[in-house]
Amino acid sequence: MARKTRPAVLSALSTFPGFASARDVHARVAELGDPIGLATVYRELARLLDDGLVERSPDPGDGRYRRCDETSHHHHVECESCGSSVDIPCDDLARQLAELAESRGFRLDHHVIYARGLCAACSTDGP
């Protein structure tokens, strides 16, 4: 079943500018002509997450997903208005956070950064 559902879910995810809920993905899969059950969408999203092809929103309790082809550690900035998101590489930031933690007597094992704002299209101030 995964051979059929994986391309359908990935294709549906590609149509969203940012993170989308499993229900949104389920509806989009149906719109694209390949209806599958909601439980199947959840299972496929979990497999895609495990395989590193999909990311889950870092917002705690937020069950939204997005397709991501970036393999290195990175974060996102998400527009509060339209929901679009962009990848932000973070090698320098990760190093700075580790140094900051170490200077305070901690060893940094991992970090999560959740950044939100307005994209250029939604900002009244422009880019």
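The model is predicted: local features need pLDDT of at least 70 and side-chain atom pairs count only at pLDDT 80 or more, while totals for chains, interfaces and linings use all residues. Residues are numbered from 1 along each chain as its sequence is written, and side-chain values use heavy atoms, with hydrogens and water left out. Helices (H or I, at least four residues) and strands (E, at least two) are DSSP runs numbered from the N terminus. Two strands pair if DSSP finds at least two bridges between them.

- Strands in the order 1-3-2 form an open sheet of three, with antiparallel pairing.
- Strand 1 (20-21) and strand 2 (54-56) are at the edges with a single partner strand each, so one side of each has no neighbour in the sheet.
- Two bridges pair strand 1 with strand 3 (residues 64-67) in the antiparallel sense.
- Ser21 is opposite Arg64 in strand 3.
- Helix 3 (residues 38-50) lies across strand 2 and strand 3 and runs at about 100 degrees to strand 2. Contact here means heavy atoms within 4.5 Å. Axes are lines fitted to C-alpha atoms, for helices over the stretch in contact, and angles run from 0 to 180 degrees between N-to-C directions.

- Strand 4 (residues 74-79) and strand 5 run antiparallel and are joined by five bridges.
- Val77 is opposite Val86 in strand 5.

**Helix 2**

- Ala22, Val25 and Val29 of helix 2 (residues 22-31) are buried (under 20% relative accessible area; exposed is over 50% and partly exposed in between, with a 1.4 Å probe and protein chains only).
- Viewed down the axis of helix 2, the buried residues fall within an arc of 60 degrees, so they line one face of the helix. The arc is taken from the directions from the helix axis to the C-beta atoms.
- Arg23 and Glu31 are exposed on the other side of helix 2.
- Gly33 follows helix 2 and has a positive phi, near 90 degrees.

**Charges over rings**

- A charge sits over a ring if NZ of Lys or CZ of Arg is within 6 Å of the ring centre and within 35 degrees of the ring normal.
- The charged end of Arg28 sits over the ring of Phe16, 4.3 Å from the ring centre.
- Arg66 lies over the face of Phe19, 5.7 Å from the ring centre.
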